[in-house]
Amino acid sequence: MKSTTPHHNSEDIQAIIDKLTSVNVKGSYFLLVLAGKYKSGKKDLLKKIAGQTGELSTVDMREIISTNEEETYQKIDKLFSSMSKDDKYVLLENCDVLSGEYTGFTYSTVRYATPQEKYLLNIIKSSEKVIIMDIQDYANVNSTLERLSQEVITFDGPTGMIGKLKWKLQNIRIQGHTFENKRPLNVR
């Protein structure tokens, strides 16, 4: 990951928000990735961003991305062509669907962008928009996404003692299982 990847409660966050509000995306784009499971921290950051930028256009990527590549490409094209010039700030929720499901056994620790993800990133590069991608599993931030994003902010969990305890209690699972990706992160 980026050596300067800030944590959600870093002092650098306000500077990133200020950069979002002042960035000129004419002929370009700005991609901010929010990576991690700490939803409350993401919600607080998005509230701060919306407070300075106005309302964020929100898209649930589960409705756009499918296993059919051509269908996905058409939905991505339709999504971006339907956005007005006023939709400068766009939040893409549930972007973990871009990575597909990790199944099978492999010794590979390197993650690659899926064709759907590559297509979306190419559209974003010419979108003239500020795109905020919400990713739950930090391991889904592959090198392609990292390279094309201007900022990646991690959301590992609360930092205060009471907040940590409350967050741990909320995340206890008695029965059931979430099939979280266990592939080791690419260490650079």
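Reply: What follows is a short tour of a few features, bearing in mind throughout that this is a predicted model.

Me: Let me begin with a strand: which way do the residues of strand 5 point, and are they buried or exposed?

Reply: The general idea is that in a regular strand the side chains alternate between the two faces of the sheet. Here, Glu151, Ile153 and Phe155 point one way from strand 5, while Val152 and Thr154 point the other way, and all of them are buried.

Me: In which sense do strand 1 and strand 5 pair, and over how many bridges?

Reply: Strand 1, residues 30–36, pairs with strand 5 in the parallel sense, and the pairing extends over 5 bridges. One place to look for it on screen is Ala35, whose bridge partner in strand 5 is Thr154.

Me: Turning to helices, at what angle do the axes of helix 3 and helix 4 cross?

Reply: Two packed helices are described by the angle between their axes and the distance between the axes. For helix 3 (residues 69–82) and helix 4 (residues 115–125), the axes come within 10 Å and cross at roughly 20°. Because angles under 35 degrees count as roughly parallel, helix 3 is roughly parallel to helix 4. The crossing of these two helices is right-handed.

Me: Which residues make the contact between helix 3 and helix 4?

Reply: Helix 3 contributes Glu69, Thr72, Tyr73, Ile76, Asp77 and Phe80, and helix 4 contributes Pro115, Gln116, Tyr119, Leu120, Ile123 and Ile124. Sorted by class, this contact of helix 3 with helix 4 comprises 8 nonpolar, 2 polar and 2 charged residues.

Me: Now the backbone: what is the phi of Asn94, and where does Asn94 lie?

Reply: Asn94 has a positive phi of about 60° although it is not a glycine, and it lies in the loop between strand 3 (89–93) and helix 4. With a relative accessible area of 25%, Asn94 is partly exposed. Glu128, in the loop between helix 4 and strand 4 (130–135), also has a positive phi, near 55°, and is a residue other than glycine. At 24% relative accessibility, Glu128 counts as partly exposed.

Me: How far apart are Asp60 and Asn94 in sequence and in space?

Reply: Asp60, which lies in strand 2 (residues 57–60), is 34 residues from Asn94 in sequence and 6.2 Å from it in space, C-alpha to C-alpha. Leaving aside neighbours within four places in sequence, Asp60 is in contact with Glu93 and Asn94.

Conventions
Residues numbered from 1 in each chain as written. Predicted model: local features only at pLDDT ≥ 70, side-chain atom pairs only at ≥ 80, totals over all residues. Heavy atoms only, no water. Buried < 20%, exposed > 50% of the residue type's maximum accessible area, 1.4 Å probe, protein only. Helix = DSSP H or I, 4+ residues; strand = E, 2+ residues; numbered from the N terminus. Pairing = 2+ DSSP bridges. Axes fitted to C-alpha atoms, helices over the stretch in contact; angles between N-to-C directions. Parallel < 35°, antiparallel > 145°, perpendicular 65-115°, else oblique. Left-handed = near helix turned anticlockwise from the far one by under 90°. Contact = heavy atoms within 4.5 Å. Nonpolar A, V, L, I, M, F, W, Y, C, P; charged D, E, K, R; others polar.
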